[in-house]
Amino acid sequence: MPMAFDEARAESVLFGGWGPGQINLDDTWVWNGATWTQRTPAVRPSPRRHHGMAYDRARQRVVLYGGVMDNGTILGDTWEWNGVTWNQVTPIASPPSRWGHSLAWDGNRNHVVAFGGTSSGYPNSTVRNDTWSFNGTTWTPVTTAVLPPGRLQHAMTYDESRQSVLLHGGLVGHVAPQNYALNDTWELTASGWPPVSA
């Protein structure tokens with residue numbers, strides 16, 4: 001289940017994921033370094049798993065995008081957590097609905113970026129290798145000459161010292177024989193996605 005650190009309020013935020021019986025959850029929890037506390041806002045995203053979350057430093061919001069529901073519906077909605085409640089955002093444009101993608105803060109663009117995931121359901125899923133940038137109003141495709149191969153369930157974070165979004169690993173698909181794991185590393189810089197030699 002995705003989690004993001006809310007810098008403005010100095011707490012980690014967790015939303016949804018799978019619960020007992022593999023039922024999707026819609027609960028919000030915050031961790032202050034010592035205690036987990038459940039928040040119960042009246043407005044919140046629908047139950048889901050495999051969504052993406054990241055903290056937007058410029059606007060001091062946790063951004064949540066997409067995921068998949070219990071019935072297999074693939075979501076393409078955008079939500080923001082302001083420390084008190086969730087608010088659904090209606091962007092001017094959005095990426096195709098997806099799950100298994102990752103979100104991260106991008107200090108070069110001062111936006112949250114999303115990469116990969118899949119817009120297909122079980123048992124056939126086609127993984128994506130598109131990059132999108134969210135500025136609080138609209139999602140915009142990030143066009144670069146070189147892109148990492150498509151994947152889902154990968155890790156992404158912002159590397160402050162290198163000023164790049166770091167991407168590692170993931171799955172080529174989720175059904176055998178396409179469910180093998182990747183072990184590559186890529187960086188999204190101001191100029192594009194150069195691969196990193198480990």
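Q: In what order do the strands of the open sheet stand, and is the pairing parallel or antiparallel?

A: Strands here are DSSP runs of E with at least two residues, numbered from the N terminus, helices being H or I runs of at least four; two strands pair if DSSP finds at least two bridges between them. In this predicted model, four strands form an open sheet in the order 13-14-15-16, with antiparallel pairing. Strand 13 and strand 16 (195-196) stand at the edges with a single partner strand each, so one side of each has no neighbour in the sheet. Strand 14 and strand 15, which run antiparallel, are joined by six bridges. Gly-170 has Leu-182, in strand 15, as its bridge partner.

Q: Which residues touch the most other members of the largest nonpolar core?

A: In soluble globular proteins, nonpolar side chains tend to be buried together. A nonpolar core is a set of buried Ala, Val, Leu, Ile, Met, Phe, Trp, Tyr and Cys residues joined through side-chain atoms within 4.5 Å; buried means under 20% relative accessible area, exposed over 50%, and partly exposed in between (1.4 Å probe, protein chains only). In the largest core, which has 21 residues, those touching the most other members are Leu-103, Val-112, Trp-139, Met-156, Val-165, Leu-167 and Trp-193. Among the strands that each supply at least two residues of this core are strand 9 (102-106), strand 13 (155-159) and strand 14 (164-171). Strand 10 gives the largest share, four residues. Another core, of 11 residues, lies apart from it and includes Ala-4, Val-30, Trp-81 and Trp-86.

Q: What does Met-156 touch?

A: Contact means heavy atoms within 4.5 Å. Leaving aside residues up to four places away in sequence, the contacts of Met-156 include Leu-103, Val-113, Phe-115, Val-165, Leu-167 and Trp-193.

Q: Is Asp-6 buried or exposed, and with which side chain does its own make a polar contact?

A: Asp-6 lies in strand 1 (residues 3-6) and, at 0% relative accessibility, counts as buried. A polar contact is a pair of N or O atoms within 3.5 Å; within protein, one must be able to donate a hydrogen and the other to accept it, and residues adjacent in sequence count only if both atoms are side-chain atoms. The side chain of Asp-6 makes such a contact with that of Arg-9 (2.6 Å). Residues up to four places away in sequence not being counted, Asp-6 also touches Glu-11, Val-13, Tyr-55, Val-62, Trp-81 and Gly-83.

Q: How many salt bridges does the structure hold?

A: Side chains of opposite charge can pair when their charged atoms come close. A salt bridge is a side-chain nitrogen of Lys or Arg within 4 Å of a carboxyl oxygen of Asp or Glu, and the structure holds 14. In one of them, Arg-44 pairs with Asp-26, the closest N and O atoms being 3.1 Å apart. Arg-44 lies in the loop between strand 4 (36-39) and strand 5 (52-56) and Asp-26 in strand 3 (residues 24-31), so the pair ties together parts 18 residues apart in sequence. Asp-106 forms a salt bridge with Arg-109, with closest N and O atoms 2.6 Å apart; Asp-106 is buried, at a relative accessible area of 0%. Glu-7, Arg-57 and Glu-160 are linked in a network of salt bridges.

Definitions and conventions
Residues are numbered from 1 along each chain as its sequence is written. This is a predicted model: local features need pLDDT of at least 70, side-chain atom pairs count only at pLDDT 80 or more; totals for chains, interfaces and linings use all residues. Side-chain values use heavy atoms; hydrogens and water are left out.
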